[in-house]
Amino acid sequence: MKTFITTFLLTISLLNYGQTTFYKANGEKVKVIGEQTTLKFNSISLSVDKPEKFAGTLIASLLPSIIDLGFKVSSDIIENNLQKYTNDFSARNTYRNSDFYISGFEISRKVLKKGESNTTEAFNLSVVPLQVNDNTFVFAVDNILTMLSGAKSKPGLNYNDYMIEIKLTYFNGKEKKEQSSSPINISMLSIDQKNYGVKNETPDEYLYVSDKFPFNPEYSISEVSVKIIETNSSKVRAEKIKNSYDKYSEDIKDIAKNIINFYIDE
């Protein structure tokens, strides 16, 4: 797990200090001297209220402890000769809007090109929360854009896969508990594609949605953290990383799934 640095309203994670090259869609190299990734919460129109009723407080209060996974998606299992075709970055921020249970947020990754004084946005992700029922909600990808890729690209090989893991920290005033989602997988995203559709024909039907998270009557959400792994679609199969996640946390996820089902049924 990376160490995060909080700066004013945004939380900035300065990662991959050895990363000096990003890539355009045509494979052209872009030399950079630094990067920053931020998580910023959006307006109240992209928020959900805390439900007025819950199925049961006991299960809700125990759930985050049992699903204490942290960030489990990792790019470390990629073979050495394919490392240049994969890249990862993370961001977190403290959630402080007491009027809503959780708000939508935006992940922005910016780089400082060599010889320039202003940063350039390389990646942008917009996520919105959607209430499923009185007990659960999910996060959906509303928009995703890649202007520059941290994973190596070449002419004709300019498509990336993205795995997005979201982690929530719950807080009751005394202790914190964490819950992570299985990764959201987005395949074959063209680099520098300005308008990428992430919805079906029905406007409200999102294609890329997280696991269910519980509304917790005893704990409020205090932090949101996101880890993203970017891989070149033609060189690295994102399913390999996903399978590693599934194998590592299979037992814990089975327990969590049973508890969520019990919680909803109740």
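The model is predicted. The chain contains 15 strands and 2 helices, and buried residues account for 51% of its 266 residues. Strand β15 receives particular attention below, as 12 of its 13 residues are buried.

**Overall features**

- The accessible surface of the protein chain is about 13,000 Å², and carbon and sulfur atoms contribute 48% of that area.
- When contacts between residues at least 6 apart in sequence are considered, 77% of them join residues at least 24 apart.

**Nonpolar cores**

- The largest nonpolar core holds 34 residues, of which Ile102, Phe105, Ile166 and Val224 touch the most other members.
- Two or more residues of this core come from each of the strands β4 (29-41), β6 (86-94), β8 (105-113), β9 (120-131), β10 (136-146), β11 (159-171), β13 (184-190) and β15 (220-232).
- Strand β11 makes the greatest contribution to this core, with 5 residues.
- Another core, of 6 residues, lies apart from the largest one, and its members include Val30, Val32, Val111 and Ala122.

**Valine 224 and its surroundings**

- Beyond its neighbours within four places in sequence, valine 224 is in contact with Leu39, Phe41, Ala91, Arg92, Asn93, Ile102, Phe105, Ile166, Lys167 and Leu168.

**Strand β15 and its pairing**

- Strand β15 is mostly covered, with 12 of 13 residues buried.
- Strands β6 and β15 run antiparallel and are joined by 9 bridges.
- Serine 90 has lysine 227 of β15 standing opposite to it.
- Strand β11 also pairs with β15 in the antiparallel sense, over 12 bridges.
- Tyrosine 170 has isoleucine 221, in β15, as its bridge partner.
- In a regular strand, side chains alternate between the two faces of the sheet.

**Lysine 177**

- Lysine 177 is located in strand β12, which spans residues 176-180.
- Is lysine 177 buried or exposed? Lysine 177 counts as buried because its relative accessible area is 12%, and the cut-off for burial is under 20%.
- The side chain of lysine 177 forms a polar contact, at 3.1 Å, with the side chain of tyrosine 219.

Technical notes:
Residues numbered from 1 in each chain as written. Predicted model: local features only at pLDDT ≥ 70, side-chain atom pairs only at ≥ 80, totals over all residues. Heavy atoms only, no water. Core = buried A, V, L, I, M, F, W, Y, C linked by side-chain atoms within 4.5 Å. Buried < 20%, exposed > 50% of the residue type's maximum accessible area, 1.4 Å probe, protein only. Helix = DSSP H or I, 4+ residues; strand = E, 2+ residues; numbered from the N terminus. Contact = heavy atoms within 4.5 Å. Areas by Shrake-Rupley, 256 points an atom, 1.4 Å probe, with all protein chains shown as cover. Polar contact = N/O pair within 3.5 Å; in protein donor to acceptor, adjacent residues only side chain to side chain. Pairing = 2+ DSSP bridges.
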